[in-house]
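Hello,

Here is the structure I promised to pass on to you. Have a look at it first, and then read on for my notes on its charged side chains.

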Amino acid sequence: MDDIFSQVREGNTMYVRQWLENMENDLNQGDDHGFSLLHWAAMEGRTHIVDMLIQRGAKINITNMGDDIALHLAASHGYRDILLKLLQHKANINAQNEHGNTPLHYACFWSHFHVAEELVNNGALISIENRYGETPLDNGKPDLARILKERATALGQDLTRIPYRENNWRGTKTRSRDGTLSRHSGIDYKEIKFGNKISAGHNEELWKGMWQGTEVVAKVLKPDMTPRIPREFQEEFPRLRIFSHPNVLPVLGCVNQPPNLVVLNEYMPFGSLFNVLHKGAGIVVDQAQAINFAIDIARGMQFLHNLEPMIPRLYLSSKLVMIDEDLSAKINMADYKFSFQNRGKLFNTAWSAPEAMQRWPDEMNVRAADMWSFAILLWELSTRDVPFAGMSNMEIGMKVVCEGLRIVIPPGISPHLAKLIRICMNEDPAKRPKFDMILPILEKMKNA
């Protein structure tokens, strides 16, 4: 019982809780067979541990080497409470593993009547064929098959058999990460396989690549190298490895081999929130989804604001927020600006508070400045517009500070949201709320 996987299997809740308290521990790592902690907790019926892992950001649809997700294992072993919890958190109910079996195939095969009924009630299809041409009902007991068929018919399911197709759920599948990701933050530059360049900016480039079987984004820093820069880099990057919050995207590791300075984070197929809202990432952002994004961002920022000391030089904007395959928003720690990068320069002034463009961070309330940025994000989520579109960073900064330029709240926005935006961007930083104060308001909007 000397590793986290065995502790999860044996249900040592206290040990697992303490392990999760260490922000650098990666709860989405896999064992030698790609089983994540959530896989083991679901298979062993450890309900409390499943709860903890989900609350800390475990990926619900992460797969092992056999393409099973945790829902397959909960269904196979008849754990109805765990199955319902996974479904509540967007588990893919019709996910097929390497044999083409869905969770319903296993519930039927092992005659878990109540689990099979819950799956069908929640949208599991009874006509999906596995790799061998078998539907879930083909291997179930006759009584169960009859009940499920009647229930599926009542729910309006098309009972035409659905042939197995290779890569049936391409694009929604994520492998567990190699366990070494959580143990080694220092990376050899030669281990990274660089792919396409995503973008290039002043003194840095973004590349898509692979590292230890994980799709990554590599941020390659190109400062004017001096002896102190590798030292500062080494001191600062460990704090960016935050694996302990579902709305924070951690840095997986860094290369510190001058002249190669590289920051790695996991590749997010939808990209940034800015990309989703303004560049057509294929996601429909209705009012409900906009509120969900706002809640995720607020939770991530609340967590970061509670760190002592706070992590500096994280400039909140829709470009800092990444969207994962489950449509969760995450604050991207790889967007951190190191102390040697463009000292004194402001990034994305459209989201910056007026005082942030006039003072050094240690001369102002950074938390209040972040709240102003969050207000701009709320406006952006509501209008789907780019704030101050068509103006340069410098022009925006000058007009905001010197001419009182502010976003205009259009009449179509919900009055509750409009009021919250105004409160969050109060001209007096001391009167702006904190994230723990606005989260209940956003939750109320979500449930309205």
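A residue counts as partly exposed when its relative accessible area lies between the cut-offs for buried, under 20%, and exposed, over 50%. Asp-51, with a relative accessible area of 28%, is therefore partly exposed. Please keep in mind that this is a predicted model.

How many salt bridges does a search of the whole structure find? The search gives 19.

Another one joins Arg-406 and Glu-427, with 2.8 Å from N to O. This pair links distant parts of the chain, 21 residues apart: Arg-406 sits in the loop between helix H14 (393-402) and helix H15 (415-424), and Glu-427 in the loop between H15 and helix H16 (435-447). Arg-406 is partly exposed at 22% relative accessibility, and Glu-427 is partly exposed too, at 48%.

Is the pair Lys-330 and Asp-324 buried or exposed? Lys-330 is buried, at 8% relative accessibility, and Asp-324 is buried as well, at 3%. The closest N and O atoms of their salt bridge are 3.8 Å apart.

Finally, take a look at Glu-129, Asp-138 and Arg-161, which a network of salt bridges links.

Best wishes

How values were computed. Residues numbered from 1 in each chain as written. Predicted model: local features only at pLDDT ≥ 70, side-chain atom pairs only at ≥ 80, totals over all residues. Heavy atoms only, no water. Salt bridge = Lys/Arg side-chain N within 4 Å of Asp/Glu carboxyl O. Buried < 20%, exposed > 50% of the residue type's maximum accessible area, 1.4 Å probe, protein only. Helix = DSSP H or I, 4+ residues; strand = E, 2+ residues; numbered from the N terminus.
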